[in-house]
Amino acid sequence: DAPARDRFLTIMQGEANRMNRLVGDLLSLNRVESEERVRPREQLDLGAHLASTLKSLEPVAEAADVQLILEIPEEPTLVTGDPDQLQQVFTNLVENAIKYGGDQVNVTLELLERDPSLRAPAVRVQVIDNGAGIDPIHLPRLTERFYRADNHRSREMGGTGLGLAIVKHIVNRHRGRLRVESEPGTGSCFSVTLPLS
């Protein structure tokens, strides 16, 4: 029966792709955890890095009919960090905002003369969407492995439940802070604060 065969092959392909993403995320999480105590040493311009990340996500945003807006200072914003890992952080946060947010994602970068949580000069990147928001009951657990605020929708969208756990460990490695603010009906704001070089 050709239609039944095609339907089962499509299901098998979808599950194989999901398993591939899961294994990739588990390997990534393991790698990040093993490097968490080793501070990065490379300097990079965070504004340029964010612009490059958003450029690479433009096709995903266009396919979802989501507008990406980037606000960064004109001057270079230098931080010490691992370029690949920081790209993974912001790719993950912006992809989540595209998937689960509304029709607009704002990414802002600002300098903080003194951040209270880091007790030092810092930079803060905020990824803000205008989507449905997240019930506050879920916020404390969002960065746990495999935790999903909306299990059914997350599986539909291809999520593995590991993305924010990876983000948390990378931000910890960079001696930074991750903060999530959201309420149902008001969208979400994911803030990453990193110490200045």
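## Basis of the description

Helices (H or I, at least four residues) and strands (E, at least two) are taken as DSSP runs and numbered from the N terminus. The model is predicted, so local features need pLDDT of at least 70 and side-chain atom pairs count only at pLDDT 80 or more, while totals for chains, interfaces and linings use all residues. Residues are numbered from 1 along each chain as its sequence is written, and side-chain values use heavy atoms, with hydrogens and water left out.

## Strand β7 and T193

T193 is found in strand β7, which covers residues 188-195. T193 has a relative accessible area of 6% and is therefore buried (under 20% relative accessible area, with exposed over 50% and partly exposed in between, for a 1.4 Å probe and protein chains only). Leaving aside residues up to four places away in sequence, T193 touches L112, D115, L118, A122, V123, R124, G176 and R177, where contact means heavy atoms within 4.5 Å.

## Helix α2

At the start of α2, the backbone nitrogen of G47 has a side-chain oxygen of D45 within 3.1 Å. The 18 residues of α2 (residues 46-63) should span 26 Å at 1.5 Å a residue, and this agrees with its end C-alpha atoms, which are 26 Å apart; the expected span is 1.5 Å times one less than the number of residues.

The buried residues of α2 include L46, H49, L50, T53, L54, L57 and A61. L57 also marks a kink of about 45°, shortly before the proline P59, the bend being the angle between axes fitted to the seven residues ending at a residue and the seven starting there. Just after α2, D65 takes a positive phi of about 60°.

How values were computed
A polar contact is a pair of N or O atoms within 3.5 Å; within protein, one must be able to donate a hydrogen and the other to accept it, and residues adjacent in sequence count only if both atoms are side-chain atoms.
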